[in-house]
Amino acid sequence: MRRGGRRDTRAACGPIDRRDAMRVLFIHSEEDHYSVEKPLEGHERMQFGISYISSLLKKHGHETRLVVPTRENGHIVAGHVRDFDPGLICFTSVYTGFEFMTEVARELKDDFGDRFMLIGGPHASLMPGDCLDGPFDGVCVGEGEYATLELVAQLEDGGRPSGIPNMILKNASGVEVNEPRPFLADLDTLPFPDREMWLPWMSNVYSRPSVLLGRGCPFQCTYCCNHALARLAGGKYVRLRSPENVVEEILDLKSAYPYMSEVYLEVETLGFNQEWAIRLCGLLEEMNRDLEIPVAFGSNLRVTPRSDYEELFEAFKRCGFRFINIGLESGSDRVRREVLKRNYSNRDIIDAVASAKRHGLEVGMYNLIGIPGETRKDFSETVKVTRACQPDWFLLSVFYPYPGTELHGKCQEQ
């Protein structure tokens with residue numbers, strides 16, 4: 001079955017003869033860019049979504065390239081299209097960058113109208129309707145690895161793409177909305193993300209890299225898009241890679257960068273599954289014993305009510321953790337409970353930070369200002385709790401209502 005239905009994707013996802021390879025150009029933009037010529041300061045600014053899609057396409061014989069324009073030099077994209085001659089151009093964007101990505105795509109459409117233009121990423125997944133009136137030929141909703149691989153296979157066949165799960169496609173008769181495919185169950189089956197594509201756009205290629213530990217978040221914070229993304233497909237949304245697979249990737253990075261001394265372990269919270277985290281720490285400890293230059297680590301921890309982190313922090317310290325980041329967000333119990341849906345007490349936060357420091361870990365703290373309904377008194381509580389914790393550093397962010405999230409809806413109501 002094709003239109004709007006599921007096809008058998010096994011043939012499309014099998015190995016591809018290099019003689020049938022397609023060139024795929026990815027376009028990503030940095031709003032807070034380091035410089036116009038080198039927009040990314042270092043490896044931590046690498047975007048994982050298109051990196052995994054690119055690595056899977058390369059594994060199947062296709063050729064990929066990345067362009068990272070800024071608002072000052074969006075015109076450079078056309079030159080890369082002429083030079084690389086891609087059959088597929090993939091855009092990714094958050095909401096605040098969507099207007100710029102649309103402008104770039106519209107200019108390309110005038111000169112390269114025969115190239116298929118696909119947009120994906122958080123905004124396209126949450127608000128696909130915003131993308132259908134523009135120059136894009138298709139919208140990828142949700143995870144894009146196998147959806148993009150199938151799209152490439154159909155484009156190689158020469159026909160108009162159709163029937164690809166996770167894709168909304170324009171065709172002669174209108175718009176084809178296809179069903180979602182389940183969230184990818186086994187993340188270990190993916191090749192490691194394509195880091196090479198980012199190097200030409202990076203100011204410091206020897207900076208600290210990030211390694212993604214898993215996908216999804218078990219919490220329902222109203223300002224975050226995870227609660228909305230979790231509803232896009234069936235299957236398990238919160239998934240972790242095997243500790244063995246994570247260590248393998250770190251060793252792969254170590255072979256490319258022998259002097260690498262620190263890695264950021266990117267995950268929504270490393271405390272979600274403490275048994276899994278402690279097993280990972282054990283393997284990292286073993287890995288470091290064999291390295292001439294051991295690797296230090298940092299990661300995120302979401303504090304939960306009345307949790308004991310002593311065993312976890314002890315494991316962190318043994319395997320080489322230097323720091324953890326903890327999200328306080330607001331020091332007001334009312335704001336956390338009624339507005340953000342973050343159910344922990346100030347005492348939970350203070351105790352977790354104290355425990356981390358007892359184990360020799362540095363602590364960074366995330367704070368948020370400008371939350372709907374927040375008063376001066378509420379924010380003074382944030383200052384008070386942060387002072388009580390005495391973090392080694394903190395990051396103060398200004399709330400932005402992200403379309404598709406629960407708190408965006410509340411902002412519209414108000």
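This is a predicted model: local features need pLDDT of at least 70, side-chain atom pairs count only at pLDDT 80 or more; totals for chains, interfaces and linings use all residues.
**Entry 1: helices α2 and α3**

I started with two helices that pack together. Helix α2 covers residues 76–84 and helix α3 covers residues 95–111. I found their axes 10 Å apart, at an angle of about 45 degrees. Angles under 35 degrees count as roughly parallel and 65 to 115 as roughly perpendicular, and α2 and α3 are therefore oblique to each other. I noted the handedness too: the crossing of α2 and α3 is right-handed. Next I listed who makes the contact. From α2 come Val77, Ala78, Val81 and Arg82, and from α3 come Val104, Leu108 and Asp111. Sorted by class, these residues of α2 and α3 give 5 nonpolar, no polar and 2 charged.

**Entry 2: Arg106, on helix α3**

I stayed on α3 and picked Arg106, which is found in that helix. Is Arg106 buried, exposed or partly exposed? Buried means under 20% and exposed means over 50%, so Arg106, at 43% relative accessibility, counts as partly exposed. Leaving out residues up to four places away in sequence, I saw Arg106 touch Gly134 and Pro135. I also looked up the pair Arg106 and Cys131: they are 25 residues apart in sequence, and their C-alpha atoms are 12 Å apart in space.

**Entry 3: Ala124, on helix α4**

Cys131 turned up again here. Ala124 sits in helix α4, residues 122–126. With a relative accessible area of 1%, Ala124 is buried. Beyond residues up to four places away in sequence, Ala124 touches Ile119, Cys131, Val139, Cys140 and Val141. How far apart are Ala124 and Cys140 in space? I read 6.9 Å from C-alpha to C-alpha, for two residues 16 apart in sequence.

**Entry 4: His43, in a loop**

His43 lies in the loop between β1 (23–27) and α1 (48–59). His43 is buried, with a relative accessible area of 2%. Which backbone oxygen does the side chain of His43 reach? I found that of Val205, at 2.7 Å. Val205 is also one of the residues His43 touches, not counting those up to four places away in sequence.

**Entry 5: helices α8 and α9**

Here I looked at a second pair of helices. Helix α8 (residues 243–256) and helix α9 (residues 274–289) have axes that come within 9 Å and cross at roughly 35 degrees. α8 passes α9 in a right-handed crossing. On the α8 side the contact is made by Pro243, Glu244, Val246, Val247, Ile250 and Leu251. On the α9 side I listed Trp276, Arg279, Leu280, Leu283, Leu284 and Met287. By class, the contact of α8 with α9 has 10 nonpolar, no polar and 2 charged residues.

**Entry 6: two positive phi values**

Most residues other than glycine have a negative phi. Asn166 has a positive one, near 80 degrees. Asn166 is in the loop between α6 (145–157) and β6 (167–171), and is buried at a relative accessible area of 5%. Glu329 also has a positive phi, near 65 degrees. Where is Glu329 found? I placed Glu329 in strand β13, residues 321–329. With a relative accessible area of 10%, Glu329 counts as buried.

How values were computed: Residues are numbered from 1 along each chain as its sequence is written. Side-chain values use heavy atoms; hydrogens and water are left out. Axes are lines fitted to C-alpha atoms, for helices over the stretch in contact, and angles run from 0 to 180 degrees between N-to-C directions. Helices (H or I, at least four residues) and strands (E, at least two) are DSSP runs, numbered from the N terminus. Angles under 35 degrees count as roughly parallel, over 145 as roughly antiparallel, 65 to 115 as roughly perpendicular and the rest as oblique. A crossing is left-handed if the near helix is turned anticlockwise from the far one by less than a right angle, and right-handed if clockwise. Contact means heavy atoms within 4.5 Å. Ala, Val, Leu, Ile, Met, Phe, Trp, Tyr, Cys and Pro count as nonpolar, Asp, Glu, Lys and Arg as charged, and the others, Gly among them, as polar. Buried means under 20% relative accessible area, exposed over 50%, partly exposed in between (1.4 Å probe, protein chains only). A polar contact is a pair of N or O atoms within 3.5 Å; within protein, one must be able to donate a hydrogen and the other to accept it, and residues adjacent in sequence count only if both atoms are side-chain atoms.
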